[in-house]
Amino acid sequence: MKHKLYAMDFAFYNSLGVYNFEARCEMVKDIGYDGINFSIWNGVRWQESLLYAQVKEKYDLEVTGTYVVLNLDYPADHPNNTGILTMLENIEGCKQIDLAIQSAGRGIPKSNVAGDSVIIPWLTKALAICQKRNLELLLYPHVQFWMDNYKDAIRLCNTLQHPNLGMVMTVVHWYGENGSNPATYLKECYPYTRKVHIAGSRRSPLGWGGIATCEPADTGELDNFAIIGALKNLGYKGMFGAMMWEEGGDPYQKLQRAYSAIKGMIERADKHPHWFTHILKE
């Protein structure tokens with residue numbers, strides 16, 4: 001089965017700086033990806049999303065999403081947060097917004113449901129814009145953020161029951177946060193999952209936050225082949241994305257390796273679906 005493959009542009013950030021917009025697009029296209037997932041980090045940078053409208057025509061590349069972080073340690077009317085809503089009102093050439101929620105407010109611990117009463121009104125406002133503009137708002141579980149656990153994203157989706165709300169399956173964050181009970185994880189996330197970020201990972205103090213690494217898909221301890229195969233056995237037909245962070249080195253070579261690895265995993269999973277029964281047996 002053909003699945004679209006995209007590259008997260010995180011791979012282009014390293015100690016020497018950040019590759020420019022044109023270089024990111026050209027490299028991702030040259031490798032063979034169908035799309036690129038950008039990152040603008042916070043609402044102050046929302047105007048960067050205005051560049052997306054040219055990507056399809058200029059580079060023959062789909063913009064599969066853009067990553068942004070809501071942080072209510074800042075007031076809701078702070079540009080870091082209001083800029084996200086401004087982006088939703090103005091974005092063109094991109095239909096999916098990947099939203100990580102770093103904080104629901106000062107003093108609210110990660111994954112604490114007390115944050116829901118703050119987050120839900122904000123999401124309701126954002127979803128009204130998304131519905132008007134035919135955008136998808138995809139919750140992005142991120143280890144050590146308030147929305148640290150995939151169950152937080154599912155709880156919000158269940159509460160809001162909005163057709164424009166879904167989630168990104170961020171496998172490396174599940175692995176870093178706990179990584180247990182893969183069958184439960186995959187089955188609970190599957191109904192809400194609109195795309196899947198794939199990264200190699202190993203638990204290590206050298207990884208993000210001293211927790212786990214985020215490497216090319218064929219490295220580390222995390223068995224991405226089994227994750228992909230099990231997801232396909234559940235019926236997943238959507239996109240897979242190559243994700244890396246703090247890898248450094250040559251981004252072209254590493255994204256190329258990730259592309260070949262993920263493509264190969266999908267092809268082998270198509271041929272041998274019975275290889276993954278151990279993942280879904282829980």
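T66 is buried in this predicted model, with a relative accessible area of 0%. The residue belongs to strand β5, a strand that also supplies at least two residues to the lining of the largest pocket.

**Surroundings of T66**
- The T66 side chain makes a polar contact with the side chain of Y52, at 2.7 Å.
- Leaving aside neighbours within four places in sequence, T66 is in contact with residues that include N37, F38, S39 and I40.
- Other contacts of T66 include M87, I91, C94, Q96, I97 and D98, and Y52 is also among them.
- T66 counts as buried because its relative accessible area of 0% falls under the 20% cut-off.

**Largest pocket**
- The volume of the largest pocket is about 340 Å³.
- Its lining consists of 23 residues, and Y67, H142, H173, W208 and W245 lie nearest the centre.
- Both β5 (62-71) and α6 (171-177) contribute at least two lining residues each.
- The lining of this pocket comprises 15 nonpolar and eight polar residues, with no charged ones.

**Strand β1**
- Strand β1 spans residues 5-8 and is covered on both faces.
- L5 and A7 are buried on one side of β1, and Y6 and M8 are buried on the other.
- β1 pairs with strand β11 (residues 239-242) in the parallel sense, over three bridges; in β11, G241 is the bridge partner of Y6.
- β1 also pairs with strand β4 (residues 35-41), in the parallel sense and over three bridges; here I36 of β4 stands opposite A7.

Definitions and conventions: Residues are numbered from 1 along each chain as its sequence is written. This is a predicted model: local features need pLDDT of at least 70, side-chain atom pairs count only at pLDDT 80 or more; totals for chains, interfaces and linings use all residues. Side-chain values use heavy atoms; hydrogens and water are left out. On a 1 Å grid over the protein atoms alone, a cavity is a set of points where a 1.4 Å probe fits but cannot get out, and a pocket is an open set with protein on both sides within 12 Å along at least five of seven lines; lining residues have an atom within 4 Å of a point. Grid points are joined across faces, edges and corners, and a volume is the space filled by probe spheres set on the points. Helices (H or I, at least four residues) and strands (E, at least two) are DSSP runs, numbered from the N terminus. Ala, Val, Leu, Ile, Met, Phe, Trp, Tyr, Cys and Pro count as nonpolar, Asp, Glu, Lys and Arg as charged, and the others, Gly among them, as polar. Buried means under 20% relative accessible area, exposed over 50%, partly exposed in between (1.4 Å probe, protein chains only). A polar contact is a pair of N or O atoms within 3.5 Å; within protein, one must be able to donate a hydrogen and the other to accept it, and residues adjacent in sequence count only if both atoms are side-chain atoms. Contact means heavy atoms within 4.5 Å. Two strands pair if DSSP finds at least two bridges between them.
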